[in-house]
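I opened this model to look up its charged pairs and one of its helices. My entries follow in the order I made them.

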Amino acid sequence: RTGGFDLSFNRLEDYEFGFRLLRSGARLVYVPEAAGLHHDSTDLPQWIQRIRDEGVADVQLATRYPILRRKLFGSPKLRGSAGLIQRLAFAMRGRGNAIVKAGLRMALALERVRLRRRRNSVVYALRSFNYWRGVATSTRSMAAFTEWTEEETNAAVIAADAPRVEWAALRSSPRVEQLLAEGSRKG
């Protein structure tokens, strides 16, 4: 009834499908006998590329469902070293392959000499860099991304089927003031 997987998604089609299922009121049930087998032989360079594709897919998902923008991306501008990586990724969105290749060579060299903690730091930085390159490819600039992310922030948080109140018709009374104050506190 919900249409199954949307194959226009290159990645995260299962997330998009899951979101539609939840939105349609589908009930998820744990079935211990069920098995989902996923055979994958991805190496590190392939995984890093998939991370870039996930950045693209997150933008596609949040474009289709604006309510997910802040949930997927949080604050549009990151701080500290994460912010530096994000800004670099936006600046080099189409030209970052050389950085990725150099980082992968460094990670493999660190692995060979068993400096795994440092290797993991390099891999984490590459992961972040390539994810944000995917986002940058889809949104074009940091300014456009920030504006796009914040479009949904000011949307009303009221259900479409909520009762409507005609403010002009309300008479001021202690009870009305109390209800309004309570509603403001509860958001």
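Entry 1. I looked up E16 and R20 and found both buried, that is, under 20% relative accessible area, where exposed is over 50% and partly exposed lies in between (1.4 Å probe, protein chains only). The model is a predicted one, in which local features need pLDDT of at least 70 and side-chain atom pairs count only at pLDDT 80 or more, while totals for chains, interfaces and linings use all residues. Residues are numbered from 1 along each chain as its sequence is written, and side-chain values use heavy atoms, with hydrogens and water left out.

Entry 2. I checked how E16 and R20 pair. They form a salt bridge, with the closest N and O atoms 2.8 Å apart; the term requires a side-chain nitrogen of Lys or Arg within 4 Å of a carboxyl oxygen of Asp or Glu. Because E16 and R20 are four residues apart in helix α1, about one helical turn separates them. Helices here are DSSP runs of H or I with at least four residues, and strands are runs of E with at least two, numbered from the N terminus.

Entry 3. I went along the rest of α1, residues 13-23. Its buried residues are E16, F17, F19 and R20. They lie on the same side of α1, because they cover an arc of only 160° around the axis, the arc being that of the directions from the helix axis to the C-beta atoms. Y15 and L22, on the other side of α1, are exposed.

Entry 4. What do the buried residues of α1 pack against? I found that they pack against α2, residues 44-64, counting contact as heavy atoms within 4.5 Å.

Entry 5. I then listed the salt bridges and found seven in the structure. One of them joins D6 to R64, with the closest N and O atoms 2.4 Å apart. This pair links distant parts of the chain: D6 sits in the segment before α1 and R64 in helix α2, 58 residues apart. D6 counts as buried, at 19% relative accessibility, whereas R64 is partly exposed, with a relative accessible area of 37%.

Entry 6. R116 forms a salt bridge with E111, the closest N and O atoms being 3.1 Å apart. R116 is partly exposed at a relative accessible area of 41%, and E111 is partly exposed at 28% relative accessibility. Elsewhere, salt bridges that share partners join D6, E16, R20 and R64 into one network.
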